[in-house]
Amino acid sequence: MTAYPNPYNPKKDGALYIGFTAAQKDPDKVAVKLFTPGFRLVKEFVLTGAEARSAAGRGYVQLQSRQLSNLAAGTYYFTVTLYKDAKAVKSRIAVLTIVK
């Protein structure tokens, strides 16, 4: 799992792409969760329906800079979880650095 660009600057870089390998090709929901270094949840982005299936097929989730601009500069951890029929498949934890 990767984040591009990393480090990420919401004021200069535009969209952030979270790349992943999908074990489920037809999920009902895709969730990206961002955590502080103390693993406190600070943001969750949820895709459902056609958006979730499209993201799983492409292998990445695109987040716009406006969705991340209120985060402070620093290091964050993120995961991607795919849901299908009440079963969840979680990714490993990856690191994202935000600079301003």
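Arg53 is partly exposed, at a relative accessible area of 37% (partly exposed sits between buried, under 20% relative accessible area, and exposed, over 50%, using a 1.4 Å probe and protein chains only). Its side chain meets that of Asp26 in a salt bridge, 3.7 Å from N to O (a salt bridge being a side-chain nitrogen of Lys or Arg within 4 Å of a carboxyl oxygen of Asp or Glu). Keep in mind that this is a predicted model, where local features need pLDDT of at least 70 and side-chain atom pairs count only at pLDDT 80 or more, while totals for chains, interfaces and linings use all residues. Residues are numbered from 1 along each chain as its sequence is written, and side-chain values use heavy atoms, with hydrogens and water left out.

**Salt bridges**

- There are 3 salt bridges in the structure.
- Asp26 is in the loop between β2 and β3 and Arg53 is in helix α1, so their pairing ties together parts 27 residues apart in sequence (helices, H or I with at least four residues, and strands, E with at least two, are DSSP runs numbered from the N terminus).
- Asp26 is partly exposed too, with a relative accessible area of 38%.
- Lys84 and Asp26 also meet through their side chains in a salt bridge, again 3.7 Å from N to O; this one links strand β6 to the loop between β2 and β3, 58 residues apart.
- Lys84, partly exposed at 25% relative accessibility, forms a salt bridge with Asp28 as well, with the closest N and O atoms 3.7 Å apart.
- Asp28 sits in the loop between β2 and β3, so its pairing with Lys84 in strand β6 ties together parts 56 residues apart in sequence.
- Shared partners join Asp26, Asp28, Arg53 and Lys84 into one network of salt bridges.

- Leaving aside residues up to four places away in sequence, Phe78 touches a list of residues including Met1, Ile18, Leu34, Ile93 and Leu96 (contact means heavy atoms within 4.5 Å).

**Thr36**

- Thr36 is in the loop between β3 (29-35) and β4 (41-48), yet counts as buried at 15% relative accessibility.
- Beyond residues up to four places away in sequence, Thr36 touches Val42, Tyr76 and Tyr77.
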